[in-house]
Amino acid sequence: MNNGNHHNGAATAGGVGPAGIAGAGDNQWLLRVRNLTKIYGEPGPRTLELTGPEFSSNICPDTDSIVACAEVSFDLYPGEVLGIVGESGSGKSTVVKLLYFDLGKTAGSALLYPYDQGQTNMLEASGQQKRRIRNHLMGMVYQNPRDGLNFHFSSGGNIAEKLIMAGQLHVGGIRERASQLLEKTEIPVRRLDDTPATFSGGMQQRVQIAKAIANNPPLLFLDEVTTGLDVSVQARVLDLIRELQQELGIAMIVVSHDLSVIRMLTDRTLVMKNGRIVESGLTDQILQDPQHAYTQLLVSSLL
Amino acid sequence: MNIIEVHQLSKTFDLHILHDKQITALQHIDMTIREGEIIGLTGRSGSGKSSLMKCLYRTYLATTGEIRYASASGVIDLVKADDHAIIALRRQEMRYCSQFLSVIPRVPAVDVVAEPLLRTEKNKEEARARARTLLEMLGLPSGLWDAYPVTFSGGEQQRVNVARAIIAKPRLLLIDEPTASLDVRTKDVVIGLIRDLKQHGTSVLCISHDEYTLSTLADRRLHLQAGRITPTVTEII
Amino acid sequence: MIENTKFQHRYNFAFIDESTKKEIRRKLLKAVAIPGYQCPYSSPEMPIARGWGTGGLHVTLAIIGREDIFKIIDQGSDASVNACNLRDFVQAMTGCRTTFDTTEATLIQTRHRITEEALTAEQVFVFQVPQPEPLRSVERYEYRTRQMHGEADYAKMWVSLYESFVRHGDILLGAGYPVRINGRYIMAPSPIPRWDIPNLHQAETLYLFGAGREKRLYAVPPHTTVEPLEFEDVRFHIEDFNGQVCNQTGYRKAFLDEIYSDDGSKQFVVNDSNFLDKLRAGEPIAPFVNAYIQQIES
């Protein structure tokens, strides 16, 4: 067991799962990621061999290229909350940024079931299709609200952008839906026409969430959403996410270096180090019975 | 019919960060749980009771052996099953109720209890009404129903925890010390509620140190000693 | 007397050399083929600074023939400094006849206005464009705006209209109101008033746009659909002069200038100088007709 529970989720997900369990049938996944890889610089033939947790490095000694993430594979089921945990530079944010098309992949595939019935690698779709996928099927909440919001626009305008992309060209309708979303995310509706620049950090995150769920996407990415917020504000944002998850049943990928966030929100967790998944499993199992040395270190540092 | 069949289950922890020290928690466990059966699990602290329960719930990954679970839709090995299958089972038919309540801060007691239903139930208010009924039966003061359990006393948290475990009428209930830190009256209520579940067909594995609870509740007892089931199994009924 | 022929023939006809004209014409053909698409072109040096109408001049000089009758207006006026100088230049470089009369002209160059009199299929209308990129106000990077056009990703433009409405109760875009051409590209119509926007739609005339400083050409060919961006419940509308009339002619169905007197009072007068002249002289006029102008009571 020295290598831990290597790629457990991915290895068993390829159809080996037990037949007949509702919600776990062969073609029930929402997002299927295989071999997702992002390398900065020129990779050499041995770049992947010479990097990773065994070397405690993601820099290729031959070519100096940097392996941000490599060979990442997992399945996400509808309504499931998946955590990705790891230290800074482990590649956890890279994974969601690749999936949200903020970065271009080096290799790998990602199938999203509602896009072409999961037949087509969405990472190779045209720019126009990617924008459509991004707008209708995904939402993203960034660590820094400035990445997800336009501070020159009002909070309503920020939400309007998503609605307009979905073809809503009725100002009254836009404002009604935006007000609804603000209400849902506990922002006073009278702030609809104020720019997010005048909001507190926690409110900015909630505007981002409102924008992200504007078109009822089946999949939401949350990248270190509570980092940098103080504890009580953090708790409100986490509450909100949990409530939305319960109410709307959105599948989520939660990226965090904070294990208590992971514990609170997720069903399943991937542990990343040096760009690779070192362990995956049910979140309570990862926290209480970690297999890989790195995960054990991570968990013991928390408790 | 057996709902659980455990064969040669062992659990060893490899502590890589403690010079690869190995700790053996369970060795060669064989056991079964029948449908609608309540099994009392006894043993000293550290004998492996919680480890066994957590292996059944997949919070611990068993090192060797198999756990055959007869789910509503077929037999499945809980040791090797896909994570997603386990998640589905946990949502639909399996509940684990630990000694301590671990909940998200700032969620009122009623919602904590109703949560297993809220996910599936369309009628949220009906789910909350059932939660209130349970909390009332368990004698939690109504003033606390909409308060946050984080601030509750041990006994109050325990009631919330038990209510949460049984509200969705699981097929398999793993329950750890359900009656500790409860007064006699509430203890009887908890025992009654678990018996009701048994009538409903639920199989229960219950860890307890309390002889009263065990003798009134358990159909059969299993005794753990140093990670093994001792050969003397006392048949109560 | 010895004639200085060298001086007379110092420049090629219409100033620009023939191969450069060909290049501009090729780009114009492309622009006509893809209505509303901004086509990059060479923007050769001219004896005036870029940003002073070179784009319009490039187009004019590339397509002008010896038989053309040239008219140029600036903000509706034939007599402004910019218009006079460019007219003199074109006349000197081509020897073409020039005119003030809109109906007589075959080639009209303009800055910031379309004439009040309807244009015909026999005429070509050339705009001087300061900023050809309608998305520049919402996206400062060229590579991104090109991508946005390529993918018809115009949400940001719409959001800016939404924001304008939310902040001011109206879409406050006095000049250069963004339009969608042929259901595809969003185009900057150059800083013409909203009054002129409907006259681009399904027109008889070929409209050509030249942005010299930004090195872009684009076109709205005849009978092309041109729609101002509007929400379902916040519609596009033209300037409202609150029932004011031209103080010299009493006319009210034309774009009016505000004129401030020394005593601080304000009067209105028809902006298009040739149109005003014709009204005053009682000559026959043939103004543009569109649904928006028709709504104004005469």
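This is a predicted model: local features need pLDDT of at least 70, side-chain atom pairs count only at pLDDT 80 or more; totals for chains, interfaces and linings use all residues.
C:Ala152 is partly exposed, since 14 other C-beta atoms sit within 10 Å of its own. C:Ala152 belongs to the loop between α5 (142-150) and α6 of chain C. Its phi is near 50°, which is a positive value in a residue other than glycine. Another loop of chain C, the one between β4 (107-111) and β5 (124-128), holds C:Glu122. C:Glu122 counts as exposed because it has 10 C-beta neighbours inside 10 Å, and the cut-off for that label is 12 or fewer. The C-alpha atom of C:Glu122 is 9.9 Å from that of C:Thr103, although the two residues are 19 apart along the chain.

Next comes the question of who touches whom. There are 2 pairs of chains in contact, and chains A and B share the most contacts. Chains B and C, on the other hand, are joined by no contact, and their closest C-alpha atoms are 35 Å apart. Where chain C meets chain A, 15 residues of chain C are in contact with 17 residues of chain A. On the chain C side of this meeting, helix α6 (residues 155-168) gives the most, with 8 residues. Sorted by class, the residues on that side of chain C come out as 8 nonpolar, 1 polar and 6 charged.

Then there is the inside of the structure. In soluble globular proteins, nonpolar side chains tend to be buried together. The largest nonpolar core here has 214 residues, and those with the most contacts inside it include B:Leu56, B:Ile67, B:Val113 and B:Cys206. Strand β2 (residues 66-76) of chain A supplies the largest share of this core, 7 residues.

Two packed helices are described by the angle between their axes and the distance between the axes. Helix α3 (residues 109-118) and helix α5 (residues 154-166) of chain B pack at about 25°, and their axes are 6 Å apart. That angle makes α3(B) roughly parallel to α5(B), as angles under 35 degrees count that way. The crossing of α3(B) past α5(B) is right-handed. From α3(B), the residues involved are B:Ala109, B:Val112, B:Val113, B:Glu115 and B:Pro116, and they meet B:Val160, B:Ala163 and B:Arg164 of α5(B). This contact has 6 nonpolar residues, 2 charged ones and no polar ones. Elsewhere in chain B, B:Arg58 lies in the loop between α1 (49-57) and β4 (64-71). B:Arg58 is buried, as 25 other C-beta atoms lie within 10 Å, and its phi is near 70°, a positive value in a residue other than glycine.

Chain A has a helix pair set at another kind of angle. Helix α5 (residues 155-165) and helix α6 (residues 171-184) of chain A pack at about 110°, with 9 Å between their axes. The two helices, α5(A) and α6(A), are therefore roughly perpendicular to each other. Their crossing is right-handed. Residues making the contact include A:Ile159, A:Ala160 and A:Leu163 of α5(A), along with A:Ile174, A:Ala178 and A:Leu181 of α6(A). By class, this contact of α5(A) with α6(A) has 7 nonpolar, 2 polar and 2 charged residues.

Helix α2 (residues 92-99) of chain A has 8 of its 8 residues buried, so it is largely enclosed by the rest of the structure. The buried residues of α2(A) include A:Lys92 and A:Lys97 as well as A:Val95, A:Val96 and A:Leu98. Just after α2(A), A:Phe101 takes a positive phi of about 65°. The other spot is A:Leu111, which is found in strand β4 (residues 107-112) of chain A. A:Leu111 is buried, with 20 other C-beta atoms within 10 Å. Not counting residues up to four places away in sequence, A:Leu111 touches A:Arg32, A:Gly118, A:Asn121 and A:Met122. The C-alpha atoms of A:Leu111 and A:Arg34 are separated by 8.6 Å, with the residues 77 apart along the chain.

Note on methods:
Residues are numbered from 1 along each chain as its sequence is written. Chains are lettered from A and ligands numbered from 1 in the order in which they are written. A nonpolar core is a set of buried Ala, Val, Leu, Ile, Met, Phe, Trp, Tyr and Cys residues joined through C-beta atoms within 7 Å. Helices (H or I, at least four residues) and strands (E, at least two) are DSSP runs, numbered from the N terminus. Two residues are in contact if their C-beta atoms, placed from the backbone, lie within 7 Å. Ala, Val, Leu, Ile, Met, Phe, Trp, Tyr, Cys and Pro count as nonpolar, Asp, Glu, Lys and Arg as charged, and the others, Gly among them, as polar. Axes are lines fitted to C-alpha atoms, for helices over the stretch in contact, and angles run from 0 to 180 degrees between N-to-C directions. Angles under 35 degrees count as roughly parallel, over 145 as roughly antiparallel, 65 to 115 as roughly perpendicular and the rest as oblique. A crossing is left-handed if the near helix is turned anticlockwise from the far one by less than a right angle, and right-handed if clockwise.
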